[in-house]
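Here is a friendly walk through one protein model. Have the viewer ready, and follow along from the packing inside to the charged pairs.

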Amino acid sequence: MDASEFRRRGKEMVDYVADYMEGIEGRQVYPDVEPGYLRPLIPTTAPQEPDTFEDIINDVEKIIMPGVTHWHSPYFFAYFPTASSYPAMLADMLCGAIGCIGFSWAASPACTELETVMMDWLGKMLQLPEAFLAGNAGEGGGVIQGSASEATLVALLAARTKVTRRLQAASPGLTQATIMEKLVAYSSDQAHSSVERAGLIGGVKLKAIPSDGKFAMRASALQEALERDKAAGLIPFFVVATLGTTSCCSFDNLLEVGPICIKEDVWLHIDAAYAGSAFICPEFRPLLNGVEFADSFNFNPHKWLLVNFDCSAMWVKKRTDLTGAFKLDPVYLKHSHQDSGLITDYRHWQLPLGRRFRSLKMWFVFRMYGIKGLQAYIRKHVQLSHKFESLVQQDPRFEICAEVTLGLVCFRLKGSNKLTEALLERINNAKKIHLVPCHLRDKFVLRFAICSRTVESAHVQLAWEHIRGLATELLKAEKE
């Protein structure tokens with residue numbers, strides 16, 4: 001394919017993508033395939049001679065699309081949203097064309113510098129404390145990670161290195177192994193499974209703090225665990241507070257937990273993967289109060305801020321905490337500006353070496369939507385979730401299971417868990433809408449998340465009528 005054909009095929013692909021997005025509502029949201037469906041449909045080896053572009057595009061529709069779950073369908077209400085917008089898609093095209101591997105400033109100066117500035121832009125949109133911004137001479141700053149899971153792991157490893165060096169400086173005879181076996185990290189019992197995975201990879205104990213009646217981590221339960229573990233000779237070093245839990249979008253109490261972490265000299269990491277996008281709206285910014293106590297903060301613009309995956313925004317108050325944990329400087333990666341103090345090399349802030357030019361997506365989206373456009377998008381989703389909440393509340397057969405704060409509604413049929421499990425089975429077998437469940441204490445609960453960029457009130461209304469109809473059929477069958 002030469003440049004001339006690329007121009008032609010590129011326009012065809014843009015048309016295909018635009019047609020896909022415009023027609024997505026007409027596609028079944030969840031596929032009708034069984035595991036292993038794809039292998040028999042394609043050759044067992046790559047072709048010796050080139051295939052034509054037409055054949056490939058035909059196979060996309062024939063082989064790929066039948067096995068796609070359409071996350072951007074207005075009838076997709078599962079998990080949490082994954083962001084999608086035309087400006088971000090265009091930026092991704094440019095990113096692919098430039099094709100740099102931006103591990104250092106020298107590897108592509110614009111890649112590094114735009115990321116630093118975009119993370120400051122976004123930090124200011126969230127009204128983050130000045131300490132988290134790079135500015136011209138700040139000690140903190142932001143970095144784009146691949147996911148919130150990566151950000152949590154990076155924070156945990158940085159905290160582990162920091163406490164190990166501090167203890168060894170105080171007691172030079174202490175070995176790393178002795179310290180490691182005593183380190184303990186903490187999170188709410190509602191925290192995402194990626195926090196537990198970070199503990200496994202980091203080789204440290206992770207303890208779940210029981211949440212309160214609103215599924216939030218509170219000071220008393222955390223303090224009790226810290227005191228108990230210190231009395232047992234363990235070393236508390238890391239706490240993850242979640243803002244917008246995956247199960248029910250609950251919020252750990254930062255204003256209580258933060259001061260404890262300061263007092264105990266424990267690293268506080270905030271995981272706001274989903275909810276963080278909402279903090280650009282003044283009415284939701286109080287949910288972030290207490291961020292000033294944190295050492296690191298993370299959320300995913302690729303969930304709810306119209307920046308396509310992957311783009312997970314992480315800030316630290318002291319970037320030397322990260323670079324001190326991950327910095328290795330082989331001669332082939334060194335460059336003449338690395339010690340100037342004017343720039344940063346992002347390879348020292350993350351697990352991989354290589355990195356894409358992901359800040360282009362932020363730059364395009366922020367400029368083409370503006371802060372007001374992004375705020376309007378968030379507010380619309382929140383309004384739609386409250387519409388669904390009110391529909392559920394009007395039906396006495398159902399109950400709301402957690403406070404609706406942002407774009408997630410947790411609900412269930414009153415009665416045994418088996419009833420709601422059977423309802424979910426009917427919903428997902430019908431494949432008109434897509435939902436996933438969660439457990440809240442001993443209750444099996446359905447999660448209705450407002451996800452699609454194109455979802456409207458009519459889609460929410462149709463989804464509810466569909467759920468109600470299936471519930472009526474189920475309850476009638478239960479009586480027979």
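## Ground rules

Buried means under 20% relative accessible area, exposed means over 50%, and partly exposed lies in between, with a 1.4 Å probe and protein chains only. By that rule R412 is buried, at 3% relative accessibility.

This is a predicted model, in which local features need pLDDT of at least 70 and side-chain atom pairs count only at pLDDT 80 or more, while totals for chains, interfaces and linings use all residues. Residues are numbered from 1 along each chain as its sequence is written, and side-chain values use heavy atoms, with hydrogens and water left out.

## Nonpolar cores

A nonpolar core here is a set of buried Ala, Val, Leu, Ile, Met, Phe, Trp, Tyr and Cys residues joined through side-chain atoms within 4.5 Å. The largest one holds 82 residues, and F297, W315 and L406 have the most contacts inside it. Helix α12 (residues 359-393) supplies the largest share of this core, eight residues; helices (H or I, at least four residues) and strands (E, at least two) are DSSP runs, numbered from the N terminus. Apart from this core lies another, of 29 residues, with F388, F411, L423 and F448 among them.

To see how F297 is packed, count a contact as heavy atoms within 4.5 Å. Once neighbours within four places in sequence are set aside, the partners of F297 include L126, L128, F132, H269 and W315.

## A surface patch and a buried leucine

On the surface, V14, L90 and M93 form a nonpolar patch with about 270 Å² of accessible area together. Such areas come from the Shrake-Rupley method with a 1.4 Å probe, and for residues only the protein chains shown count as cover. Patches take residues with over 30% relative accessible area and no salt bridge, joining like charges within 9 Å and nonpolar side chains (Val, Leu, Ile, Met, Phe, Trp, Tyr) within 5 Å. V14 sits in helix α1 (residues 3-23) and is partly exposed, with a relative accessible area of 43%.

L419, in helix α13 (residues 417-430), counts as buried at 14% relative accessibility. Beyond its neighbours within four places in sequence, L419 touches L413, K414, L474, L475 and E478. From L419 to M93 the separation is 326 residues in sequence and 47 Å in space, C-alpha to C-alpha.

## Cysteines

How many disulfides does a search of the whole structure find? The search finds zero, where a disulfide is a pair of cysteine sulfur atoms within 2.5 Å. For C95, the closest cysteine sulfur is in C100, 6.7 Å away and too far for a bond. The sulfur of C401 is likewise too far for a bond, 6.8 Å from its closest cysteine sulfur, in C410. C95 is buried at 5% relative accessibility, and C401 is buried at 16%.

## Salt bridges

A salt bridge is a side-chain nitrogen of Lys or Arg within 4 Å of a carboxyl oxygen of Asp or Glu, and the count comes to 28. In one of them, R441 pairs with D189, the closest N and O atoms being 3.9 Å apart. This pair links distant parts of the chain, 252 residues apart: R441 in the loop between β10 (436-440) and β11 (443-449), D189 in the loop between β2 (183-188) and α7 (193-202).

The closest N and O atoms of K380 and E456 are 2.9 Å apart. K380 is partly exposed at 26% relative accessibility, as is E456 at 39%. E399 lies in strand β8 (residues 398-400) and R412 in strand β9 (residues 408-413). Finally, salt bridges with shared partners join E5, R9, E12 and E54 into one network.
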